[in-house]
Amino acid sequence: MTPPPPQPPPSGPNPAADSAADPRPGPGPLVVLFGATAGALGQDLGSDETDLILLVWQVVEPRSRQVGTLHKSLVRAEAAALSPQCREASGLSADSLARAEPLDKVLQQFSQLVSGDVALLGGGPYMLCTDGQLLLRQVLHAEASRKNLALPDTFFSFYDLRREFHVQHPSTRPARDLTVATMAQDLGLETDATEDDFGVWEVKTMVAVILHLLDGPSGQLFSKPEVVKQKYETGPCSKADVVDSETVVRARGLPWQSSDQDVARFFTGLNIARGGVALCLNAQGRRNGEALIRFVDSEQRDLALQRHKHHMGVRYIEVYKATGEEFVKIAGGTSLEVARFLSREDQVILRLRGLPFSAGPADVLGFLGPECPVTGGADGLLFVRHPDGRPTGDAFALFACEELAQAALRRHKGTLGKRYIELFRSTAAEVQQVLNRYASSPLLPTLTAPLLPIPFPLAAGTGRDCVRLRGLPYTATIEDILSFLGEAAADIRPHGVHMVLNQQGRPSGDAFIQMTSAERALAAAQRCHKKAMKERYVEVVPCSTEEMSHVLMGGTLGRSGMSPPPCKLPCLSPPTYATFQATPTLIPTETAALYPSSALLPAARVPAAPTPVAYYPGPATQLYMNYTAYYPSPPVSPTTVGYLTTPPAALASAPTSVLSQPGALVRMQGVPYTAGMKDLLSIFQAYQLAPDDYTSLMPVGDPPRTVLQAPKEWVCL
């Protein structure tokens, strides 16, 4: 550590008088600052989350062109291991860093030495000047946040020497591509090539560049400093707002209890736009560990992307690019009630969950108590309701400061009536998401769209005239498969490409291709086996139509043979799948024009006899159907559900009470636990129910589950 310079005498120069008499007015004193970390240097400084190990600085007085003493200080790093790049460039060792002072002590000494140098050169407020923005935004602010250190106010505004150079020399390379060496070279400055002390050459050269720029013709130098926001500002976002996609990132892997302030602290040093943190919620309204963050400009977004896999506590956070549309979808809203609620600025938002449905504003205010008053009383509460006005048990509350919010959080899991209430920190974006979800959700969630019934029978046979593709990328499309097959794509039968989905409706990585002959299938397999598609190799093996049908209907095809599709209901378990016969299905007229007439089914289903018959949603049982697509695909697809007659052997084993009345057997999956009889009947308002009374609506569960456990599946007769 360089010893501090002697203090100036009391009768020193008058800064005000000197400034008024100076014929060359300019900015106040500049502190030229250089730093390095134990890891990456240059354009990657701060991207690897390593600690600061070196600070070098020197004070410059622009008005008098005087220069102060050059200081160099080592900083003790918690992880003393140096990267090979840093060890080679700096010449430092782990032993020398172990004897250095910690960062907080170095910052105190920095402030004392700078104040002394500035006073000797005439006094006045000083401003930092760095080569680029990485040292302050990505290193000092990020490390101080990790170590819970409070930086002085002087570290929240600075001059970027690269930008100042670009203002006077705009015809040179872009500002982000400039370095200290290139700036000196463009100005034709002579530098000390014999200086080998790491950091000293950089500071001396930066001082020379500054003095040369001050002698130039431009009067706009050092007039607009860069500003680092000290506090994240909350605020609402409207659906009508236009958000630049070059300013938005997605952070993934956040702790579920993290708030918008925690996310802003992770990106400390970078300027987040007002209301620019939007925590994402899952389908149940709970945080899913992701957030969308909007920055003030694209440069801040690019710096945020460099914090990919930096840590928040013990968790590493992934940072990716996102779009403005995604941000508006999550954070935007159109409700006037929400806009009025969020119109109060500088408020802390808390979410209350689990409120009794009968609770009103007075009950919530009484629960919180007088020690943590809500801003505006009842006007500072926002209750979340269903579209029909029924309460959801959720509410949001505004508090004027962090201390009042902390007092309210101590009421977490306190009781109101006979219920315990959960309290969490919330954000304006979360308020918008919760209100938007309940405002747009129907009273009873609609059933998923039925899979398209096969408008043509699969050709039967045991010849191995098909090929199976395994290991496809999950993003693969039919066009990708045709390009992958190349010349063999000309030998595909019409409607011969079959993509396989899993039970969650997502791509399984498998597909089946029907070829014109077994010879063509074998040739395609030999030509394309283990060929690459999107950086993945794909296995191509011949198979038969029967094997393809088993997999498309939900069965498995392994080395040990074929396994039949699973089925939970004994009465719906067909013993064989080769006996399935397509039965008539009603198809709309406008849809029928999309298919050849030979592929269409008759217009109506007429039962041959009034015997009890159960039907599977076609084709086969829709409960475990894997089949999803054909080639070539029509522009639109029929939405009517075809039915296939139950094999006689399956009817023989069905309970008589289940099939005592004529009609179709339909199984409903995903029904809410709270759904009642009227809710179930409302789904079938456009259909005719066979029984006059609705006693045939019976719950069905897994074999070990009882009816009293409120299963999610129902069978309607």
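The following legends describe close-up views of a predicted model.

**View 1. Packing of helix α6 against helix α8.** Two packed helices are described by the angle between their axes and the distance between the axes. For helix α6 (residues 161–168) and helix α8 (residues 200–214), the axes approach to within 11 Å and cross at roughly 35°. The crossing of these helices, α6 and α8, is left-handed. On the α6 side, the contact is formed by Leu161, Glu164, Phe165 and Gln168. Helix α8 contributes Met206, Val209, Ile210 and Leu213. Classified by residue type, the contact of α6 with α8 comprises six nonpolar residues, one polar residue and one charged residue.

View 2. By class, the lining of the second largest pocket divides into 13 nonpolar, eight polar and eight charged residues.

**View 3. Elements and domains around the second largest pocket.** Two or more lining residues come from each of β1 (30–37), α5 (134–146), α6, α7 (180–187), α8 and α10 (298–305). Strand β1 gives the most to this lining, with four residues. The second largest pocket lies between domain 1 (30–227) and domain 2 (245–331), because both domains give residues to its lining.

**View 4. The largest cavity.** Across the whole structure, a search finds seven cavities of 30 Å³ or more. The largest cavity holds about 70 Å³ of space. Its lining is made up of Thr234, Gly235, Pro236, Arg274, Leu342, Arg344, Glu345, Asp346, Gln347, Ile349, Leu398 and Ala428. These lining residues of the largest cavity divide into five nonpolar, three polar and four charged.

Methods
Residues are numbered from 1 along each chain as its sequence is written. This is a predicted model: local features need pLDDT of at least 70, side-chain atom pairs count only at pLDDT 80 or more; totals for chains, interfaces and linings use all residues. Side-chain values use heavy atoms; hydrogens and water are left out. Axes are lines fitted to C-alpha atoms, for helices over the stretch in contact, and angles run from 0 to 180 degrees between N-to-C directions. A crossing is left-handed if the near helix is turned anticlockwise from the far one by less than a right angle, and right-handed if clockwise. Contact means heavy atoms within 4.5 Å. Ala, Val, Leu, Ile, Met, Phe, Trp, Tyr, Cys and Pro count as nonpolar, Asp, Glu, Lys and Arg as charged, and the others, Gly among them, as polar. Domain bounds come from an automatic or database domain assignment. On a 1 Å grid over the protein atoms alone, a cavity is a set of points where a 1.4 Å probe fits but cannot get out, and a pocket is an open set with protein on both sides within 12 Å along at least five of seven lines; lining residues have an atom within 4 Å of a point. Grid points are joined across faces, edges and corners, and a volume is the space filled by probe spheres set on the points.
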